[in-house]
Amino acid sequence: MASPILNLTRGQLARSSRGCLPALLTHTPSTTLPTTPPPLTLTPRRFKSGPYGYTQSKALVFTRFGEPADVLHLHTHSISPTLPQGAVLLRTLAAPVNPADVNTIQGTYGARPDFASQDPNSPTNKTRLLLGTPEPAAVPGNEGCFEVTAVGPGVDAGKLKRGNWVIPAGPGFGTFRTHALVEDAVGRLVKVDGTGLSPVQVATVSVNPCSAYRMLRDYVDLVGESVRRFASADPPRGGMWFIQNGANSGVGRAAIQLGRLWGLRSINVVRERETVEETEGLKAELKELGADVVVTEKEFLDRSFGARLKEEWTRGGREPVLLGLNCVGGQSASAMVKALGPRGCMVTYGGMSRQSFPFPTGPAIFKRLRFEGFWLTEWGKENPEEKRRMINEILDLMRQGKFKQMPVQEVKWDWDTEEQVLKDAIQGTLAGFRSGKGLFVFGDT
C-alpha cells in the first residue's frame, strides 16, 4: 500500500517556509499493515529556508516619498540559494532607526532614491529586480548588524565566511529587512569581530559615534592645543573646551564620552524635560558619561549665560571654547556663536529646530570664527579605509567598557510581526522626548 505521505499535495510538501510539515509517522512493525491510514497530524513550524532552499525574506520598502506611516509597506520575497559571483546572503540581527532614515523616506535628506530613473542599474531598479516589487523601490535604513549565512563563488574566505558579523560599509544599504543578498560583498561590507559585543552595539557604531569622532578630531586640534597649553606658563585646569547642543542625542552622548577619553572638557545643552526631577536626572546621567557642564536650553539662551561661561568655567575666557557642535540651528546656534572664543569653529551637522540661522557677520570678522558643515556620508566616501579603522577603534572601546551605546527602545521583528508595528516604530522616531533610539531586534525570521 502506498505511504500516506504521498496523499499530501505538492503545495503541502513545498510549504516548508511558512506552512506545516507532517509529523513523523511511527508504527510498530507488524506482518499486517493497517487497511486505513492513520490521520496525519500537521505541526506548525517555521523554517528559514523555503522550497528548494530558497530563503524567505521580508523588507520594508517605499516607492514614493512621504510620511513612513503612509508610504512604507512590508514586502515578502524569496532569495535563490544560488548566489551570484562575489555575493553573500545575510541575516539581519539588529538595525537602529535614525532621524536620517525618516528624512530619506520623507524625501528631505541629502541623498534621495531616484524612483524615476530609467537606468536598469540604478539602486531603485536593482531593488525592484532583486525583491520583485512591481515598481522601482527602496529599502530604508543605513545601519545594522548582520550575520553571513551563505557565501557565493569568488568570495575570499579569508575576508568573509559563514558566521561572520558584518555592517554596511557605506550609506543607502537598506537595513530594514530580515535578509539581504549583497553583491560585491567584500567591498560593500565591513567584517566585525563580535567577541565581547552585542548585535545592538555593533549595529549602532557606524553613524553617531563616527560622526562625533570626526567632528572632535577634524576641525580643531583640541588635543594638541591642550598639550601646548599645559606646557605654557599659565597651564589650564583641564583639557580644551567644546560646546554642543542636542547633547542627549546619539552624537551628543558619543562626543561626551570620546571627549572625556581624550582629556577634553564639554559644555552640553539639552532641552528641559516635563518635570524638574526629570531634567536633573538627565543632567546627572550625562555627567556620569563624562560631561563637565550640562545646562538646559533655557539656561543657554538666558542673557546671563555669557557671564557664567567666563566666571564659572573658562577662567575669564583664558580657557576659551574653540569648537561648537550644532545640530539644532535657530536661536541655539546663535547662542553658540556667542559662546565661541576667538578663532573658534562651529560645525553644523543637523537642524532639528527647522529654524533658519542668520550668518553672524560681526563674529565671523572680529572673532575670526569658522563655520563648517559635516556630513558623514560624504566623508565616508572619501575615506573608506579610515572609516573601517575608526569603527574598529570604537568597537574596541566598547569591549573594554570605556564607551557605552546610547539607550535604545527595542522593537522585536519576528516573521509574524505586523507591518503596522514596524511602521509605527519608524514614524515615532522624530516625535517628542524618547527614552531611547528605536531599534529593530530580529528574532525568528
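# Buried charges, a parallel sheet and its helices

Visitor: Does Arg-265 count as buried or exposed?
Guide: The relative accessibility of Arg-265 is 11%. Buried means under 20% relative accessible area, exposed means over 50%, and partly exposed lies in between (1.4 Å probe, protein chains only). Arg-265 therefore counts as buried.

Visitor: What kind of model is this?
Guide: Residues are numbered from 1 along each chain as its sequence is written, and side-chain values use heavy atoms, with hydrogens and water left out. Local features need pLDDT of at least 70, side-chain atom pairs count only at pLDDT 80 or more, and totals for chains, interfaces and linings use all residues, in what is a predicted model.

Visitor: Which side chain meets Arg-265 in a salt bridge?
Guide: A salt bridge is a side-chain nitrogen of Lys or Arg within 4 Å of a carboxyl oxygen of Asp or Glu. For Arg-265 the N to O distance is 2.6 Å. The pair links distant parts of the chain, 54 residues apart, with Arg-265 in strand β11 and its partner in the loop between α12 and β13. That partner, buried at 4% relative accessible area, is Glu-319.

Visitor: How many residues apart in sequence are the parts tied together by Asp-234 and Arg-315?
Guide: The closest N and O atoms of this salt bridge are 2.9 Å apart. Asp-234 is partly exposed at 40%, whereas Arg-315 is buried at 19%. Asp-234 lies in the loop between α8 (222-230) and β10, and Arg-315 in the loop between α12 and β13, so the parts tied together are separated in sequence by 81 residues.

Visitor: What phi does Arg-315 have?
Guide: Arg-315 sits in the loop between α12 (305-313) and β13 (321-326). Arg-315 is not a glycine, yet its phi is positive, at about 50°.

Visitor: In which loop is Asp-184 found?
Guide: Asp-184 also has a positive phi, near 50°, in a residue other than glycine. Asp-184 is exposed, with a relative accessible area of 52%. Its loop runs between β8 (179-182) and α5 (185-188).

Visitor: Arg-308 and Glu-299 meet in a salt bridge at what N to O distance?
Guide: Arg-308 counts as partly exposed at 24%. Glu-299 is partly exposed too, at 26%. Their side chains meet at an N to O distance of 3.5 Å.

Visitor: How many salt bridges does the count give?
Guide: Salt bridges that share partners join Asp-234, Arg-237, Arg-265, Arg-315, Arg-318 and Glu-319 into one network. The count of salt bridges comes to 23.

Visitor: How many disulfides are counted?
Guide: A disulfide is a pair of cysteine sulfur atoms within 2.5 Å. Cys-145 is buried at 0%, and Cys-345 is also buried at 0%. The disulfide count comes to zero.

Visitor: Which strands stand at the edges of the open sheet of six strands?
Guide: The order is β12-β11-β10-β13-β14-β15, with parallel pairing. Each edge strand has a single partner, so one side is left without a neighbour in the sheet; these are β12 and β15 (370-373).

Visitor: What is the bridge partner of Val-270 in β12?
Guide: Two strands pair if DSSP finds at least two bridges between them. Four bridges join β11 (residues 265-270) to β12. The partner of Val-270 is Thr-296.

Visitor: In which strand is Thr-296 placed?
Guide: Thr-296 is buried at 6%. Contact means heavy atoms within 4.5 Å. Leaving aside neighbours within four places in sequence, the contacts of Thr-296 include Val-269, Glu-272 and Lys-283. Strands (E, at least two residues) and helices (H or I, at least four) are DSSP runs numbered from the N terminus, and Thr-296 belongs to β12.

Visitor: At about what angle does α7 run to β13?
Guide: Nine of the eleven residues of α7 (208-218) are buried. Axes are lines fitted to C-alpha atoms, for helices over the stretch in contact, and angles run from 0 to 180 degrees between N-to-C directions. Helix α7 lies across β10 (241-244), β13 and β14 (345-348), and its angle to β13 is about 150°.
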